[in-house]
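Subject: Handing over a structure

Dear colleague,

I am passing the structure below on to you, and I have written out after it what was found. Please read the notes with the sequence and the coordinates open beside you.

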Amino acid sequence: MSVTIRHIADELQLSCSTVSAVLGHKKYCYASEETKNRIFDTAARMGYVPDLAARHLRGGSSQTIGLIASINFNEINVSLIDQISSRLADLGYHCLLANCRGVKAKQEAIIKDYLARGVDAVVLFSTCYIQPPPGLCFLNINANKSCDLRIDRGQGFYSLVDHLIRVHGHRQVGMVMRDGNPDKVEGYRRALREHGCPDEFIVEYSQGGSPGQILGLVRSGVRAFACSNDHLAVHLINWLRLNGLEVPRDVAVTGFDNSPKARYALPGLTTAAQPVDELARLTVEELASRLEGQAAGVPNSLPCQLIIRDSCGCPFDTLKYWEKMDYTQL
């Protein structure tokens with residue numbers, strides 16, 4: 001037999017309404033902290049599991065948020081989903097997660113499934129190809145410029161290319177990417193344009209580009225490359241080394257994301273850090289505000305932070321940096 005709110009109330013000799021208000025994280029609950037702790041402890045001990053479907057049928061909140069993402073092995077996306085779901089859990093929400101792979105039909109199917117499950121809101125971590133159903137609390141984050149909240153990756157990439165040109169004097173800077181990212185390409189081209197660099201050198205692996213093509217560009221005089229993520233940058237550094245070229249002595253290389261791979265690379269990888277913590281915080285705040293019936297906030301764009309290490313040619317004490325590294329995070 002499943003444990004109900006009445007069983008917990010009888011065990012603690014409290015009213016069902018008090019136990020329900022505490023376990024439902026209701027704002028009107030005026031129980032003391034001691035009473036709340038007793039209720040939570042007893043519920044855990046007795047194995048209480050809330051019936052979210054029944055709560056939704058009664059017209060209440062299911063305390064469930066549906067997350068939709070184009071899931072890949074990008075550490076930034078994984079970190080963002082983890083932080084948002086953790087912050088929502090702190091507010092008493094459960095999260096569902098589905099992979100839309102950036103496909104319209106999948107987004108539509110997942111939305112229908114989430115609505116059938118009675119979710120309170122949906123957060124989409126991808127370019128939106130659908131019209132959200134009327135009345136659904138819906139938030140689109142970290143996609144194109146029309147979404148609710150995003151990281152300005154174009155600005156971040158511009159800052160890296162600008163640094164290679166302005167600080168290190170490279171007049172020919174290549175861009176290396178796996179899949180097309182319009183914002184980063186726009187940032188790359190804006191930096192070239194503003195510095196009067198007429199030639200662009202874009203190597204896109206998904207369009208037939210290859211490390212061999214990069215080697216050919218190096219031999220023709222291109223001695224700086226801005227990569228669209230840290231994985232590509234570390235791979236390029238290793239490829240160049242295997243071909244007798246050292247970074248940054250012979251070629252300057254930058255990454256993007258400031259992932260753990262960037263922090264542990266040799267040489268230290270100059271990159272752009274995405275403000276994942278800030279985006280997660282603002283996303284949950286905006287979501288909570290909308291669930292309370294407040295008007296949608298103004299679309300917000302967060303800047304990246306330039307992280308200078310020595311792969312671009314700047315002086316950097318790698319040994320001192322490694323000595324201070326938190327090895328419990330490896």
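Strand β8 and strand β9 (residues 252-254) run parallel and are joined by three bridges, where strands and helices are DSSP runs numbered from the N terminus (E, at least two residues, for a strand; H or I, at least four, for a helix) and two strands count as paired if DSSP finds at least two bridges between them. In this pairing Ala226 stands opposite Thr254 in β9. Between the two strands the chain passes through helix α10 (residues 230-242), and this β-α-β crossover is right-handed, a term that applies if, with the strands pointing away from the viewer, the path from the first strand over the helix to the second runs clockwise. Strand β8 is also joined by three bridges to strand β6 (residues 174-177), again in parallel, and there Met175 stands opposite Ala226.

Before going further, please keep in mind that this is a predicted model, in which local features need pLDDT of at least 70 and side-chain atom pairs count only at pLDDT 80 or more, while totals for chains, interfaces and linings use all residues. Residues are numbered from 1 along each chain as its sequence is written, and side-chain values use heavy atoms, with hydrogens and water left out.

In a regular strand the side chains alternate between the two faces of the sheet. In strand β8 (residues 224-227), Ala224 and Ala226 point one way and Phe225 and Cys227 the other way, and all are buried; buried means under 20% relative accessible area, exposed means over 50%, and partly exposed lies in between (1.4 Å probe, protein chains only).

Leaving aside neighbours within four places in sequence, Leu240 is in contact (heavy atoms within 4.5 Å) with Leu215, Val218, Leu245, Val247, Val251 and Val253.

Val247, one of the contacts of Leu240, has its place in the loop between α10 and β9. Val247 counts as buried because its relative accessibility is 7%, and, with neighbours up to four places away again set aside, Val247 is in contact with Ile237, Leu240, Val253, Pro267 and Ser311. Although Val247 and Ser311 are 64 residues apart along the chain, their C-alpha atoms are separated by 5.9 Å.

A further buried residue is Gln107, with a relative accessible area of 0%, which lies in helix α6 (residues 104-116). Beyond residues up to four places away in sequence, Gln107 touches Cys100, Leu124, Ser126, Thr127, Cys128, Tyr129 and Ile130.

Turning to charged side chains, the count comes to 13 salt bridges, each a side-chain nitrogen of Lys or Arg within 4 Å of a carboxyl oxygen of Asp or Glu. One of them joins Arg45 and Glu11 (3.5 Å, N to O), and this pair links distant parts of the chain, with Arg45 in helix α3 (residues 33-46) and Glu11 in helix α1 (residues 5-12), 34 residues apart. Arg45 is exposed, at 57% relative accessibility, whereas Glu11 is partly exposed, at 46%. Another joins Arg281 and Glu285 (2.8 Å, N to O); these residues are separated by about one helical turn because they are four residues apart in helix α12 (residues 276-291). Asp148, Glu286 and Arg290, in turn, are linked in a network of salt bridges.

For Cys95, the nearest cysteine sulfur is that of Cys137, 13 Å away, and Cys95 is partly exposed, at 28% relative accessibility. For Cys314, the nearest cysteine sulfur is that of Cys312, 3.6 Å away, and Cys314 is buried, with a relative accessible area of 13%.

Definitions and conventions: Disulfide = S-S within 2.5 Å.
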